Amino acid sequence: MSTAKARSAHVRAVLGTELFERLPNTKVLLVGAGGIGCELLKNIVLTGFGKITLLDLDTIDLSNLNRQFLFRKKDVKQSKALVAAQTAGTFNPNVQLTPIHGNIKEPQYDIPWFQQFDIVLNALDNLDARRHVNKMCMAAHVPLVESGTAGYLGQVQPLLKDQTECFDCIPKPTPKTFPVCTIRSTPSQPIHCIVWSKSYLLGQLFGEDEDAGSELDDAEKHGENAQEIAALRKQAQAFNTVRIALRTPFNQDAARLAFQKVFNTDIQNLLVMADMWRSRAPPVPLDFDAITEGTFALRGNTLSASCDATNGAGLKDQRALSLRDNVELFVDSTNRMAARLRGGNETTIAFDKDDEDALDFVTAASNLRSAAYGIDTQTRWEVKEMAGNIIPAIATTNAIVSGLIVLQALHLLRRNNNSAMRNVHLQYKPAVPLSTITLSRPNPACGICRDTYALVRCDPSRARLGDIIKGVLGEDEREVSVYEDKRLLSDPDFDDNLDRTLESLNVTQGKFLAIVDEEGEWGTISAGLSTLPSDHPPTAPPFILPSPLPQPPKKEKVPPPPEPTPTPDTPRVSRKRSLPIDTDSDIIDLAPTPKRLKPTQNTNPNGDLRKNGKAPGSPSKRRKLDTDGAVVPGELRGDVIVID
Ligand SMILES: [Zn+2]
């Protein structure tokens, strides 16, 4: 037996000759060459897939090397896609690998580009890109296998337009938020203090100069304590003095000023509100001089034990910091950050867990606040984990998930055998590490996969919006609104843009025009834009309409979401649904940042001018925005990130 035959004998036996012989000509797009991507590339090359396009925008970082085994130290700073293709190409001489160092969201990766592939495999690390690829695969009618890992958990989900749920059929949980008052006045857990220093204090001192009013206005509207809100307003004004000191060259006193305001004056002001402290322990204002002189006595034994336990041994990150250590670290890190602002290279500093100065600052500030409120303090490492919401990436999880992706991809490619496809979860149960769910039908309310997609080839510098809409609707005379993403471009009462070219409206290759029935009776048409073929005569109209024209179905009445049916072969089936894992990048952004929302712009240069000042979103889009914007109430339990 020749080497090539021997190499593939087992795969051929497992897959059967028919499927196996198709693999060399199956065109695969693999998006992502990170933790999952590297494993997966190796798997598909060895399985016998012959035409693989690999796309990733990242370069290799030293910290990737513990799990992205196609990379070596010499490859650091090189393109992931290029190096991964080079390495994996040697595993099978018959594979044709096309690496692309680029961003999948770039306009040239439009519907026709996706349509050249037989299957797309996602190995992505962020929700935004995953949703984008999902939409492109729905528009291009290309099967997609979605995947994600988070620590020891993982998920693989095959997606097929009109047959299964898409990635967006189940709303993804939104970042947790906390009530403003918990963060700003009445913290009770370390995470509250960490969120306060990371998302509030750091921004107040080193971020953009913003008007704090609107967040507090909102809180007031939502019925939070009015007296407390007034005190918080006063605090906000006083921040200005400190901000100026931090930006004034040679001001030696800025850090102390910041300390005095935040850990003394503000707390004194809060203590005045006796009602607030009736059912909870009041905070203790901290005294800068007394702490540095070692004469400060903090209430309670637990506190002094945890705060005074200076332990010189161990790693810097894991050392318990005393109250004085925290004051010193606060002063030191504040001075370092002030020096950066004064140096003029940076005008603001935002939190980044890998920014040593910012991490020191957040560690010290949150510990000082914890001390004042009688909450346990944390080591620098613990703060880093909680503030960065780090979930470690684990090589074995990636390996298992990559294997599952190949299995689901093979099911998708095995014609007429889609019944074998499963939504697979890797879970924390030693007895049943994998759970499978048969695939659900698309969610009739989904704003992505329920749209009727059509391809419109055009020259955006010449094609006018009105002509395209009219052309796509054909004989259909119904009233429609037209959107590009969330921008309203026209509706029955707003036709100013119809005579404008697509280019002047910034609607170009790779974008979609959503044509929404005003009555909500018919499905949305999503017209994806691409370029004209090179042989398109210059005298012909500057667009080519889809043929036949898209015929959106009448909208189904939306029933409650169907329950997944358990598979007969696994009695203990998890009924849990899509895991919104944000994958291999180490981070799930919980972003409990009580950040102010900017007031919605009602005009923009791209032509979205809405007479009543609101762009309400199409019916389907509006629904999606509602779910995306949902706030998960309740307390966050420690730093546990609830995924299911
Ligand atoms: Zn969907």
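1. Helices here are DSSP runs of H or I with at least four residues, numbered from the N terminus. Under that definition, helix 16 is followed by N389, a residue whose phi is positive, near 50 degrees. The model under discussion is a predicted one.

2. As to the chain in general, 19 helices and 14 strands are present. The chain has 644 residues, and 40% of them count as buried. Among contacts in the chain with a separation of 6 or more, 73% come from residues 24 or more positions apart.

3. The pairing of helix 8 with helix 15 deserves attention. Helix 8 spans residues 190–206 and helix 15 spans residues 356–373; their axes lie 8 Å apart, and the two pack at an angle of about 130 degrees. The crossing of helix 8 past helix 15 is right-handed.

4. The residues that form this contact can be named. Helix 8 contributes P190, C193, I194, W196, S197, K198, L201 and L202, which meet A358, F361, V362, A365, S366, R369 and S370 of helix 15. By type, the residues of this contact comprise 10 nonpolar, 3 polar and 2 charged.

5. Helix 16, covering residues 380–388, has R380, V383, M386, A387 and G388 as its buried residues. These buried residues of helix 16 pack against both helix 8 and helix 15.

Methods. Residues are numbered from 1 along each chain as its sequence is written. This is a predicted model: local features need pLDDT of at least 70, side-chain atom pairs count only at pLDDT 80 or more; totals for chains, interfaces and linings use all residues. Axes are lines fitted to C-alpha atoms, for helices over the stretch in contact, and angles run from 0 to 180 degrees between N-to-C directions. A crossing is left-handed if the near helix is turned anticlockwise from the far one by less than a right angle, and right-handed if clockwise. Two residues are in contact if their C-beta atoms, placed from the backbone, lie within 7 Å. Ala, Val, Leu, Ile, Met, Phe, Trp, Tyr, Cys and Pro count as nonpolar, Asp, Glu, Lys and Arg as charged, and the others, Gly among them, as polar. A residue is buried if 20 or more other C-beta atoms lie within 10 Å of its own, exposed if 12 or fewer, and partly exposed in between; C-beta atoms are placed from the backbone.
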